[in-house]
Amino acid sequence: MYLYPVWVRLWHFFNAVLILILIITGISMQYTGKDESTLIVGFARAVKWHNIAAGLLIFNYVFFVIGNIATANGKYYKIEKRNFFSDLMKQLRYYSWGMFKGEEHPFPVSLERKFNPLQRISYVLAMYVALPLVVISGLGLLFPETVINRFFGISGLIITDILHITMGFCLSIFLVVHIYTCTLGRKPFSLFRGIITGYHKSDED
Amino acid sequence: MRSMRSWLLIYVLLISVRPAANGFNGRQATNQDTTTFVSPFYGENERCFKCHGQSKYEYTNENLGRQVKALMFSERVIDRDKFYDSNHKSFSCTDCHSVDYVTFPHPGELRMEQQYNCLDCHGGDDKFAKFGFEAIEEDYQASVHFKLEEGGFSCWKCHNPHSYKISARNSNNLKETVLYDNNICLNCHANFSHFQLLTDRDEINILAKHDWLPNQSSHFKSVRCIECHSEVNNNVLVSHLIHPKEKAVKKCNECHSQNSLLMSSLYKFESKKQRKDGFFNGIILNESYVIGANRNEYLNIFSLAIFGVLIIIIGTHIFFRLIRKQNK
C-alpha cells in the first residue's frame, strides 16, 4: 500500500537528520567539559551546527505544516475525541500483552488510518507542541536580547533554557520510542523500508 | 607663648592630615557610599581646581598687566565630580603633588616631579593586604603592558588616580562593573588617539577582531575583556597579567563548562556564596546565564532516571519478543 508520498518522505528524512544533529550538539553544549576529548562535539562546533540545523529545521517544519494543510496527509493527525482513552488503552494493551499472545493488531494500517491512536497522540504532541516550543525557546536563546529579563523574579533566560532542554529531552525520548516501535512491524525492518520506499507492507500482505 | 602656638599648629596639622592617612579604613569606606561626601580639603583643593577643573583658565599676567585667558592642556584637566567620587576623594592635591604647586606660575622644575605609583602608598602595608598590591605588581610586570612602560605606560593609564573607583569589590551590579572595567580597556584599545601614544601598532577594530565570538554583544555586556585576555591569579581579585592576543582564551568551554573559568575570575568575589537550587555555578544565574556552566543537578538526575526506565522497558519488551520468537 502506497502510504508515504515523496514530500512526506523527504520531510521525514530531513527531520530525522536534523533532529539527530540537534540532539548530539545540544547534549554536547549542555555536558561540555574543559577537556575537549570528553565531548561528543567541541562547544564551538556544537554551537555552529546546532544553529545551522535549527535554522534548517524551522524551514522543514514550515514545509511539513504547509504540506499537511495543503494535502490529505493532515487528516492523519486529527485526534478523535470519541473513544480516545479506550483506544489508547487498546493499543497499549496490544504492545504490552496482545502482540505476545498473537492477537490481531487492534488498529491495522490503512489509507484511512495511517497511525494507531498511540502514534497519533505522540506525533501530535511531538510535532505540534514540543517542536514549536523547542523552536520558540531556541530562538530566545539564539537572540537573548529578545527574552524578558525577569519573570516572577526568575531570570527569563533560565526559564527559556529549561523549557528548551525539557522539550529537547522529550523529543529525544520520543525519538527512542519512535525508533523502537518502528521495529514492531511484520519484520524488524519492514516499517523502516516503508518510509524509504513509500510502500507499507501490513501483516496481511 | 610661642611654644604653645607651635603645639597648637602641630595639633591642627595632625587633625587635617588624618583623613587622608585613613583613606581606606572602614569609616571612610562607609563614607564612600554616601552622596554627601565633603572633602576636608575641598577649599584647599579648589585653589588647584580653579584652573585645572576645566579646559580654560584665567590668571593675572603681571608682565602684561592684565587678565589672560588660556586653554588647559587636556591631560591636566581634572574632573571635580569624578575626583570627589573616586577612591582618592579624601586626599588633598598636595598629598601626592608637591606643595610648591601652590605658587603660580608653577616653578619649572616641578615638571620633573617624580610621580608616585600604586605601590608607593599601597605596598607593604597590612591595611591594604587584602587587595594584594604586591601580587598585582608581579602580574603587571609579567604582562604585555609592562613592556610599554618605557614608552610611558604606568598604573595610571588604566587606573586614573583622579577618577578611579574600585568596582568589582564594592558593586552590587555586576553589569555596571563589567561596563566600567571594559571601558578602562576600551579607553585605549578602541580609541586610536590614546592607543597610538603608547604603541606603533595599527588601529584595532575590536568588533571585527571578535567576529568569531557568537552573541558578541551579549558577551561584551556580560563579561570583562580580562576574562579572556588575562591569567587568573588566585591571590588577587582582578587579574593584571594581561596576555598577548595570541594567548587569549578562545575555547568556549573554558567558560561554558561545569568548572567554568568565570567562577575564578568575574564571579570570584561572589563564588563563596552558594545557591541551593541545584544549579551548577548557580551564583552566575544571579546576573546571567551561561550554557554548559549552569546545568541543573536535579534535572540531570531526573532525566537520567526517565531515560533509564525507558531503556529497562524497551529491554524487557525485546526480551519477551525474543522468547516469543523462540517459542514460535
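## Model and chain B

This is a predicted model, in which local features need pLDDT of at least 70, side-chain atom pairs count only at pLDDT 80 or more, and totals for chains, interfaces and linings use all residues. Residues are numbered from 1 along each chain as its sequence is written, while chains are lettered from A and ligands numbered from 1 in the order in which they are written.

Chain B holds 14 helices and two strands. These are DSSP runs numbered from the N terminus: helices are H or I with at least four residues, strands are E with at least two. Of the 328 residues in chain B, 17% are buried. Buried means that 20 or more other C-beta atoms lie within 10 Å of the residue's own, with C-beta atoms placed from the backbone; exposed means 12 or fewer, and partly exposed is in between.

## Helix H9 of chain B

Helix H9(B) covers residues 174-189. Its 16 residues should span 22 Å at 1.5 Å a residue, and the end C-alpha atoms are 22 Å apart, which agrees. The expected span is 1.5 Å times one less than the number of residues.

H9(B) bends by about 30° at B:Asn183. That bend is the angle between axes fitted to the seven residues ending there and the seven starting there. The buried residues of H9(B) are B:Leu174, B:Thr177, B:Val178, B:Asp181 and B:Cys188. They pack against H8 (155-158), H10 (192-195) and H12 (216-222) of chain B.

## The hairpin

Six bridges join S1(B) to S2(B), residues 66-71, and the two run antiparallel. Strands pair if DSSP finds at least two bridges between them.

B:Tyr57 stands opposite B:Ala70 in S2(B). Four residues lie between the strands, and B:Gly65 takes a positive phi near 70°.

## Chain contact

The contact takes 18 residues from chain A and 21 residues from chain B. Here, two residues are in contact if their C-beta atoms, placed from the backbone, lie within 7 Å. On the side of chain A, H5(A) gives the largest share, seven residues.

## Cores

The largest nonpolar core has 22 residues. Such a core is a set of buried Ala, Val, Leu, Ile, Met, Phe, Trp, Tyr and Cys residues joined through C-beta atoms within 7 Å. H2(A) supplies the largest share of this core, three residues. A second, separate core of 12 residues includes A:Ala53, A:Ala126, A:Leu131 and A:Met167.
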